[in-house]
Every structure is written in C-alpha cells, then in structure tokens.
Amino acid sequence: MGRNWSTQQLVEFLAAVSSFGDEGAATRGGAERAAEALEAEVAAVVRDDRVVTSVGFPPGEVPEQELLEVARGTRRDVGVPGLGVCEAVRAPLDESVPGTLIVSRCDGGFSSEELDLLRGMGRVLGLNLGMIRALESLQQRQRLLETLAGIHRMISRRAPLTDVLQAVVEGAAGLLGDSVASVRLVEQDDPSTMTIVAQTGMTDEQLERLRRTPVGEGLGGRAIAEGRVVVTNEYGEMPGALADRGLQAAIAAPVHDSGRTVGALVVGSYDGDRRYGSHEHDTLVAFAEHASLAVSDAKLADALVYQALHDSLTGLPNRSLFMDRLGHCLARSTRGMNPVAVMYIDVDGFKSVNDSLGHAAGDELLVTVAGRLDSCVRPGDTVARLGGDEFVVLLEEVDSQEETRRIAERVLEELRKPCTLHGQEVIMTVSVGIAVGREGAAELVRNADVAMYRAKSTGKGRYEVFEPGMRDRIVERVTLERHLRRAIEGDELTLAYQPIVRLDSGEIVSVEALARWTDPELGVVPPNRFIPIAEEAGLILPLGAWVLRQAVRQAAKWRGRLGDAAPTVSVNVSGIELEQADVVARVSETLHEEGLPAASLVVEITETVLMDDSNHVRATLAGLRDLGVQIAVDDFGTGYSSLQFLSRFPIDVLKIPKPFVDDVDAPSGSSALARAIIDLAENFSLRTVAEGVEQPGQALTLRTLGCTWGQGYHFARPVDSDALGELLYGAGAASPQM
Amino acid sequence: MNVGRDRWMNVGRSAESDAARAGSEAAAVAVNGREAALLVVFCSHEYDHAALLRAVNEQSGGAPLIGCSTAGEIATDGPGDASAVVVAFGGDGFCASTSVSRGASSDLRAAGADVANAVASLNGGHDERVLLLLTDGLAGDQQEVVRGAYGVAGAAIPLVGGCAGDGLEMKSTVQFHGSEVLTDSVVSAALGSDGPLGIGVRHGWRKVGEPMLVTKASYNRVYSLAGEPALDVYLDRLGAPEEARHDPAAFTRFALTHPLGLDRRSGEEHVRFIGEADFEERSIISIAEVPQGGLAWFMEGDSDSVLRATDAACADAVDALGGSAPLGVLAFDCIARRGVLGEEGIKAEVDRVSERVGNAPVAGFYTYGEFARTRGISGFHNQTLVVMAVG
C-alpha cells in the first residue's frame, strides 16, 4: 500500500463518480465506491443534517442518529446490524456542497493513508455534486461542463499531463467566458522559478517572454507563494507582464500535489467591467483541483514505471532495465566500438549476516553495497541489483583489460572497508566475476556469473576474469554433486574406522567413523572434496544421517561380540545438522533401533559450532548429553574459542589438532600449545585425544604431559569394518610399539 | 439458537441421459421421502430442463427450488459433465425463501436488489442466514448484482453462489426457479439455519513478472498494457505456445490458466479471467471489468497451487463453523481451475474437498464466475473456489 495505492484509488473513484448523471445516483455511487475502495462494509452521506444515502444497512435499519453524530464529530462508531459496533471515519465534502462522507469497517484500524484517501474522495464527490447542481440550474453551460467531465476521463485514462492541463485551461477560460488562461508549475530543479505548461489566449511573443518567471511575481506567482486563491480587478495597476496588453482583471488558484503548492491556474480578462465573484472563485477552484489531481496522477504513473524498472530496496536498476541497457550497449558495440564488460558481484557470507543480525541489517548491508558500487564506477556505467545479494555492473566501452581490472580492484577495496550495521561493525568482502566481449547479453551475464563463482570457490574476496575453461570446472563440480547425490541415495558410500587408543595401555577404546566415497566413474573422491559440496548442495543432512546409522549399527555388532569391552564410536556432526530441531530425537531413535547404548556413541563437533554460542546448540548438546551420548570437540584450539565455552557447554573430550601434536616433540617451547590444552582439560575434568600421532616419541611425550588418548598412523590407519573387526577380535587390542 | 430442531442436508446425483429420469433419480436420493425446505439443482446444459424440473418437483412435492446449468457438476462421488445434481435442505432447523429477477441484463443492480428481498421473507427465527445467488454470467458485470443485493441485504448477510455455465460453449446459460427455466436472470435463495454457516474463498494463482499499467481499456476489453498492444504483451511475457498466437480456441485454452491480477488494498489481488483475444486489434478480453489506469499482473497456476487453495478454502469454511461438524458443503469452483487441474485433477480435488469436510455430502458446479461476500462490500470473483460449509 502507500500513496501510490491511494492516488490510484482516487483516480478510479473520480472516474466512477463522474459517470453518474444525477445528484442522487452520484451520492449513492460515491458512498458505495468509497466503501469498496476502503473494503468497508458500510458508508453514508450526510447533508443538511440528514442521511441522504447509505450502503450496507438493510432497509429500515439505518442508524440515522448515530450517523448524524458521526457527521458532527461527536461519535466515532456506528452499530451495524449483524456485525456490531464498528469504527466510523468521516470526511467533509467540498466547501461548495456542505456535507459529510462516512465510512465504517468492522475491523476498523483506518490508516492515515486511508483517511487521506477518504478526504480526497469526499472532496471529489463534493466537486461532482456541485457540478451536477450547476448543470441542473445552468443549462447553457452544459457544453463546458461536459468539457469538465472530459477532463475527468482524460485523467482517469492517464492521458499525457500536458494534454490534460491544456484541457483544464481551455475549459476554465471557456466556462468563465474569459480570454486568457494558463497553468504554471514550479520547476522541480529550481523551486524559485515557475514555467507555463499550458495556456490559451497568449500570443507567441507573450509566451516567449513569460514562459519562465520567478515564483511570487504576477498573480499566479502570488497564488503559489501564498497557497490561496488571489483576485485582482485592477490588473493594470499590478506589476505584471500582461498589463501592457490591456488585461483588466484576473483570478488565480493554487494547484497542489500531496498538500504542497506546486503551481497555479490563472484566468484573466481584457474586459474593463469584469469582476470575479464567488461563482468564479468556486469554478476556478474546481478546475484547479482537477489540475492538482492530474499532476499527482502523472507523478504516480511515472513512479509506477520507475518502480517496474528499479529495485525498491536500493533504488538501483533491476534486472529488466539492466538487460535492456546491456542489449543497447552491445548493439552499439558491434558497430565498431570497444567491447563491453559485465561485472558480477556477490556478497560473501551474506546469509550469515541475515541469520545473525536479522533481515533489517541484511537490507542495510545491501544498501551500503549499492552505494559503494555506485561510487566505484565511471559516470555512464550502470550498477544494477539482480536480486538477493547479487549485483551487476555494466562497463561501457572498456579500453583495455587493465581498465576493467582497475575498476574491479577498486570495487574489492571499497567494499572491504568496515561498515556499521545495527551498531555493530562488520567487515564484508565480495567476490567479483568479469566477462568482456561482444556476444549476447544473456551470455555475457552468464559468463560473468561463472567467473564470480570461480572467485568464490578459490577463496572469496577476490575477482576473476572469465575464461572458457571455467565453465568446464563448473560442469565438473555439478557432475560431482550429481554423483554424490546418487551415491548417498544408492548407498555407494562406505565408512572407514580409525582406532583411538589409550596412551598408557594401547587398548582400542574408541573408533572414529570416517566417510569414504569411491565413485564408479570418478574413482576415489576424498572427503575434503565431497564434504564441502555436500554442505553447499544441502546433502549434508542425508549424508550425516547415513553415517550415523551405519556407524551405530557397526558399533552395536562389535558390542554384541565384545560386550562392555567394545570401543565407543565417534561420529562427526556438522553445525547444519545440529541446527535441526529434531537432531536429539533422531539420534535417540537411531540408537534405539540399532540397539546401541547411548554411552557408546561420541558426537564430534567442531569448535566453530561452539563459537556461534547459540542457545539452540547448547540445548541440543545438553539433550544429547541427557541421552548419555558423549561430546567431543574436534580441532580444539584452532578457532580462538574462549574458555567460557568449556564451562558453558556440556563437553567430555577435547581433541588436540595434528599441527600441535606435530610440534610436541620438537625443541623446547613448541609443545606449549598441546600442553596448555591438556592442562585446561585437566582443570575441567575432560579427557584429551591427540590427533595425528605419527611418531613413537610423540606418543611418549603426550603421555608424560598427561594426555589420555591418542589417534594417528602411529597406532593405526583408518580401516574398513572387517579389518577393524580383526584388530578387535584378534588381539583384543592393538599393540603399538611404544 | 434452537439447537434442538432437526436439520438435514442430502445430495443426489444421476448421470441418466433422459432428463426426466435424471431429475427423478437425483431428487429421490436428495429428498429421501422427507419434506425439504429448499432444493438446489445443478445440471448439464444439454438436458431438457423443463422435463428435468418437472420430475424433480414431483419427487419433492414442489418444495422451493433454484438451480442452473453448469460447466460441470460436482457431487460427493466426484465431478461429472452430463449429470444432474440435486441438494436438499430439510428439517425445522432450516428455512428458505426463493426469488427471481427476469431480464436481468437491462439493470443488473436492480436485479440484485430484487432477489435480495428473499432475506426479508425468512421468518423461522433462524440465527444464521445466507443469500445464495445463481446468475447468468453472460449477462454483464456481475459486481453490479452484488452491489444491488448488498444494498438490500446489508452487511449482516453473506452472499455466495456462482454464474451458470454451458459446458464452455459461452453461448447461453439457464437458471431455474420453481418449475421455470430462464435465461438472462438472477435467482436467489435466502437460507436460514439454526447451525453455523462457514465460507472459504481462495484462488491459488501467483504473479508472474513485473507489474504493468493498464494503459488503455474499456470495460472488459484491454487494448494496451504498459503502452504496448495488450495481446502481444500477454503472449510474449507469458511465452505462449505458437498455436495460441493465431488459433482462438488454443488461445482460450492457454488463457484459462493465465489470468490477469488486479491490485487491491490488502495486497490480495483480484483475479480476472481472460476469455478471448482479438487478433486484429491485438486486444484481450476479460469476462469482468478491468479498470484503465490500474496496475495489473499476469498470473499462472499449476495443479499444486490450485489444490493448495482447495485445502485452504475448505479449512477456512470448516474453521468458521467453530468446531461443529459440517452437515454438507456447497462448492462453486471456477471453470478455469478445472482447466489447470485437468480431468484427473478435478477428481482429486473433489476427493480432497470431501476429505477436508469429514466426508460430508458435497454439491456444486464449475462456474463462469463466483460470488462470496463475507467482509467488505465487493463479492464477485473470477478463477476462485468458494466453499460454504453448512454446520
């Protein structure tokens, strides 16, 4: 909704009421259309302290007294049979036809726009009733009044503004029987100057001289400056431009747009006996009102067209306008000019801004991006928003690749500057793809998109220029995604298990389940390639569910043979999985169905999950813990999480990342990090698992430092379930050399 | 509320090709030997309607009756095309009064006002009232009928109903009142009930592309959109198939699933069915008014969106009963929705309606326009499903 809506409704209302031929029908029709426009149940018109028409009350059940009180302003509701007491609002008719238009709606809540619309409808209805009355009493004016009806039609049919205003000046001059009339509008760029936009009766020479004059000068200028009707019957004595031609008297009425005076309608006479009285005053105001409506509506039509081609949030051109400009630009370019460049820009991590700071902050960010992009390009270039967090820039006539690259650098640099969203300083980056060429518009945009994608997948916050090979890489990725989807659905993945052993005894106490994928066509695809794809493609949930199910099932088998001596099983759970509302229920269900005690399952999460510090994650982890499941934090110490997390979240195990373990046996000092984690764990009574133990010396040192468990090639590589079974059933424990 | 009084609602259907036999069979099931307060008949436009009505009246002993021809009938057991459906309301808990206005096209507003007088004739002391309207949709702007009826019935009386059909021939439809077979008329039945009446209205279309200004239109004929010939804009923006670009029948088939949406206050758009194209003057023709200067969208639907709307309309109607189980439902379903769903789809739709209302009896028809006014003052719809649940 908004002002557009109400102007639109007012124009429809005008068209409807001006089609009625007599006062009774116009009054009833006006009330009815007012109710329709405001989606109200009842409406009424009160004149001379009498309800002259009403809509929505069954015959004989019109609450006359209540309506009269609403008209007087002493009451704000009416009883509507069948609906009860409803809020009622009112608006006066035009001054020339005293009366009140009342509308009432059962859900009340009239907004200020709706009240503005009601006032507009009251005024328009009054003007119409006044004209119909004049038509009834002054038959000789009929031809001219028909002109007024014609103006109505022109406005409601959106004839060009100058045509409507020309009809207004000719109608006003004709109706009043005067020789000169004009409409002057204040210039948008220079509010101190007004321009004649329509006139009748002026000579070319006069028009040339008076076309642009300062606001405040002349009778029209005074009507604008004072915002009221002004009359002079001694025009000759006014410092005015037409005086020299013998103009004797004139009258001017202001023209409005949304409550502001934006112009004036002026009528003048060369007749020395001409006197302007109240009849002329009312008539001129009626014409000026129509000029006002025409001006407002013309703006509305412009605004509607503008809206159809621009993005409402940032005010930038939208996709259709961009494609149109790109098309024109390419057409020019094929006629021998320099090639065209398209830059495709995507905000990195936009979704997380939206998720963490809210959509309002996301919108603010987009507006900031729009403004900064605009400041980076050359005059004449087009910045547009395609939707979401995607923007495009059209660089016309680029002289060289160098120039394009310079602009791209500027974009990256400008957008990297910190900005404040909802009081929080945020640093954002964008990924930029560039395509240069003369091919079709759609293809250029597509190529720039591919290059942007490439920039994103190779680290974000950078730009790439499109090369044909890039499309192949995208195709490769899409292929991988399709195969992965099939692999998950078709049970083509397998699990490998890597033992975790006690450092003091070498006994296998746990195994970490790791997903492995060998595609029949693509061969072995390592997890560091397919896990990110699964995350981006929304496959991480089915993948996670599959891993959990297989691992739990396998652990239950070992437990069936070994009883309490069987190892626990560790399963990696991603942040996306933890965000699901039903994750606790799902884990519980899986354990139950596969017959594994919860205490035999360890859920491994990454430190970044803790860093988001969400209540939801905390509740989920607590729920898992309540089941009896243990929680381990993978790669602890790499994500700068604060110590608070250790007390705030229910955690059982910290895993020391391989780089820290690598250093543990190095010359003095380097083992500090591993040592710190082990000490910390001791303070919080947590167990520690050292990952990536490859050397016997490392195992020894870690044990001395107080680390409880270890995992790595030194003990065992990940193996399939059969091989692990042999390890477990054969020796009861692996026997590494320590 | 006289909760103790008896109320029943039955639906009978016959696919007999003989009009008298069809009327007799359907009415016998609906009336079931009891005294009905009101009969409503929906039947194929191809029957001998006088004979059909005679047979129905014989079965009912001349109970008050209204009805109309259709573009497909709906009954509990599914949709059909060459059948007669009779729904009967009876028991002291219902009362009804019918009315007719002939030659409606000369003054549709007066016709609407005329038939709304039926409400004043209800005198059984029933708390819930509704005015059922069946009209000749080929007779002009049906919002005028609503304006007329609303002016008399007032805000307290909901209006529901539909425009009669003729199996998509778009030539002539008939309405029934008592034993009379009429064309160019409005018939009405005011129904009073001790139980609640719930009404649901949904369409299931969604906007396609950018909004456009209606730059030139006259009543229901749209000449230009955004300054371009309306037909070209329509075909190009919607990517119409080749045959729809010159063959009138193919155009109508395509247009059936691509209506025009008009901007309203609440942001809820009014849907306008595009019926034909003028390939010479490049205009498109709706069956209702499209105001010039207004903002419009093209819309499209698929079976999913249309069926979701079915569920929602039923849910709205049943929810409005405030917990009481429906005795039955009346459904006024736009022919265009049938076009989207196809023959299998409409079977699924009627099944769904039946399921959503707890397998209560269902009666209705495929219409050329629907009436439903519960809020505000406008009440003529296109491309919409109107469901009235009788609680």
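**View 1. Hairpin of β19 and β20 in chain A.** In this predicted model, β19(A) and β20(A) form a hairpin with 5 residues between the strands, and A:G506 in the turn adopts a positive phi of about 80°. The two strands, β19 (residues 493–502) and β20 (residues 508–519) of chain A, run antiparallel to each other and are joined over 9 bridges.

**View 2. Pairing of β19 with β27 in chain A.** Strand β19(A) also pairs with β27 (residues 709–710) of chain A, in the antiparallel sense and over 2 bridges. Here A:V501 has A:G710 of β27(A) as its bridge partner.

**View 3. Hairpin of β3 and β4 in chain A.** Strands β3 (residues 77–80) and β4 (residues 84–92) of chain A pair in the antiparallel sense over 4 bridges. The hairpin leaves 3 residues between β3(A) and β4(A), and A:G82 has a positive phi near 90°. A:V80 has A:G84 in β4(A) as its bridge partner.

**View 4. The two faces of β3 in chain A.** In a regular strand, side chains alternate between the two faces of the sheet. Along β3(A), A:V78 and A:V80 point to one face and are buried.

**View 5. The side of chain B that touches chain A.** Contacts link 23 residues of chain B with 29 residues of chain A. On the chain B side, the elements that give two or more residues are α4 (143–153) and β14 (206–218). The largest share, 5 residues, comes from α4(B). By residue class, this side of chain B divides into 11 nonpolar, 9 polar and 3 charged residues.

**View 6. B:N359, a residue other than glycine with positive phi.** B:N359 is found in the loop between α8 (335–356) and β23 (362–367) of chain B. Its phi is near 60°, a positive value. B:N359 counts as exposed because it has 10 C-beta neighbours inside 10 Å, and the limit for this class is 12 or fewer.

**View 7. B:Q383, a residue other than glycine with positive phi.** B:Q383 lies in the loop between β25 (380–381) and β26 (385–390) of chain B, and its phi is near 60°, a positive value. B:Q383 is buried because 31 other C-beta atoms lie within 10 Å, where 20 or more are required.

Definitions and conventions
Residues are numbered from 1 along each chain as its sequence is written. Chains are lettered from A and ligands numbered from 1 in the order in which they are written. This is a predicted model: local features need pLDDT of at least 70, side-chain atom pairs count only at pLDDT 80 or more; totals for chains, interfaces and linings use all residues. Two residues are in contact if their C-beta atoms, placed from the backbone, lie within 7 Å. Ala, Val, Leu, Ile, Met, Phe, Trp, Tyr, Cys and Pro count as nonpolar, Asp, Glu, Lys and Arg as charged, and the others, Gly among them, as polar. Two strands pair if DSSP finds at least two bridges between them.
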